[in-house]
Amino acid sequence: QDGPAAPSGGAVLDRFSEAVSGFRDDLTALDQLVGDGDFGDNLLGGVRRAVSRNGARGGGMEALARAFLDDVGGTSGPLFGLLFQRLSTVSWPDDGAPDAGSAAEAASAGLAAVQRVGGAEVGDSTLVDALAPAADALGAAARDGADAPFTAAAEAAARGAAGTADLAPRRGRASYVGERAMGVPDPGALGVALLFTALADVYEP
Ligand code: ADP
Ligand code: MG
Ligand code: MG
C-alpha cells in the first residue's frame, strides 16, 4: 500500500493556496503600510489550515470556511469565512465546470454577509471593492452565457482591488492611517482578487 497522500484541498484550494503563498510577503508589506501587518499571515494561515484538513470536498470551500471562521483572527478572518461559507453552497468540481449562475448567487450572498457584518460600502477601500464587482461581473457573464465567466470576475476583482489605491479608507485599521493610505491598494481586496483568479486559472486556463 502507498503511504498517505499529501494533503490536498482539491484543484481550487490548491491553486488558491499556491497564489496566497506567492503573495504573502506583498500582502504583509501592504498591511504594514495601511494596517498592522498581519494580513498576509492571516490569509496564508487560514489557507494552510484548510489544506491540512485535506478539505477537498466542495472545492475546499467548506474547509476554508471552517478554518477562517473558527481559527483566523483579524478583521479579515470572519469576513473571508463568511464568503467561503456562501461559496461552499456551490459544487466546485475538480473536473468540469461549476455552474456560473449558482456561483454568482453565492458570491452575491457572500458579499451581502460581509457587508452585513462589516458594514463597508463600495468605495470604503476594503475587500468589498473587489468582491462587489466580481459578483456583478460573474452575474452578468452568467446571464449572457459568456464563455469565461470566472475570468470576467477575476478581471473585475483585480480592477476593483487596484482601484482601492485611489480611495481613502473608511473601514478597519486603514481608516486610522487616513491620507497616508492613499496610493496603497487594500490588501484584503487583493486577497479577494487572488481567490477569483484561482477560480479562473482552474476552470478557464
Ligand atoms: P486587522 O485590520 O484586524 O489586522 P486583517 O489584517 O486580517 O485585519 O485584514 C485587513 C483587511 O480586512 C483589510 O485590508 C480590508 O480589506 C478588510 N476589512 C477591514 N475592515 C473591513 C470591513 N469593515 N468590511 C470589509 N472588509 C474589511
Ligand atoms: Mg491587519
Ligand atoms: Mg490584526
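**Terms and values**

Modeller: With 205 residues, a compact globule would have a radius of gyration near 17 Å, and the protein has 16 Å, which agrees. The radius is taken over C-alpha atoms, and the globule rule is 2.2 Å times the number of residues to the power 0.38. This is a predicted model, in which local features need pLDDT of at least 70 and side-chain atom pairs count only at pLDDT 80 or more, while totals for chains, interfaces and linings use all residues. Residues are numbered from 1 along each chain as its sequence is written, and chains are lettered from A and ligands numbered from 1 in the order in which they are written.

Biologist: What pattern does the protein follow along the sequence?

Modeller: The pattern is α-α-α-α-α-α-α-α-α, with 9 helices and 0 strands. Helices (H or I, at least four residues) and strands (E, at least two) are DSSP runs, numbered from the N terminus. The C-alpha trace spans about 60 × 40 × 30 Å along its principal axes.

Biologist: Why does alanine 189 count as buried?

Modeller: A residue is buried if 20 or more other C-beta atoms, placed from the backbone, lie within 10 Å of its own, exposed if 12 or fewer, and partly exposed in between. Alanine 189 has 27 C-beta neighbours inside 10 Å and therefore counts as buried. Its place is in helix α9. Of the 205 residues of the protein, 56% count as buried.

Biologist: Which residues are in contact with alanine 189, leaving aside its neighbours within four places in sequence?

Modeller: Two residues are in contact if their C-beta atoms, placed from the backbone, lie within 7 Å. By that rule alanine 189 is in contact with Thr126, Leu127, Asp129, Ala130, Gly160, Ala161 and Thr164. Among contacts in the protein between residues at least 6 apart in sequence, 66% join residues at least 24 apart.

Biologist: Why does alanine 19 count as partly exposed?

Modeller: Alanine 19, found in helix α1, has 18 C-beta neighbours inside 10 Å and so counts as partly exposed. Leaving aside neighbours within four places in sequence, alanine 19 is in contact with Leu194, Thr197 and Ala198. Alanine 19 and leucine 44 are 25 residues apart in sequence and 9.6 Å apart in space, C-alpha to C-alpha.

Biologist: What makes α2 largely enclosed by the rest of the structure?

Modeller: In α2, 10 of the 14 residues are buried, so this helix is largely enclosed by the rest of the structure. Among the buried residues of α2 are Phe39, Leu43, Leu44, Val47 and Val51. What covers them includes α1 (10-34), α3 (61-71), α4 and α9. The expected span of a helix is 1.5 Å times one less than its number of residues. For α2 that gives 20 Å, and its end C-alpha atoms are 20 Å apart, which agrees.

Biologist: How do you know that the buried residues of α5 lie on the same side of the helix?

Modeller: The buried residues of α5 are Ala100, Ala103, Ala104, Ala106, Ala107, Gly110, Leu111, Val114 and Gly118. They cover an arc of only 165° around the axis, which puts them on the same side of α5; the arc is that of the directions from the helix axis to the C-beta atoms. These residues pack against α4, α6 (128-144) and α7 (149-163). With 19 residues, α5 reaches 26 Å from its first C-alpha to its last, close to the 27 Å expected.

Biologist: What is noted about phi of serine 125?

Modeller: Phi of serine 125 is near 65°, a positive value in a residue other than glycine. Most residues other than glycine have a negative phi. Serine 125 is found in the loop between α5 and α6, and its 28 C-beta neighbours inside 10 Å make it count as buried.

Biologist: How many residues surround ligand 1?

Modeller: A residue is near a molecule if its C-beta atom, placed from the backbone, lies within 6 Å of it. Ligand 1 is surrounded by 24 residues, the closest being Gly74, Ser76, Gly118, Gly172 and Gly188. The elements that give two or more residues to this shell are α2 (39-52), α4 (76-87), α5 (100-118) and α9 (187-203). Helix α9 gives the most, with 3 residues.
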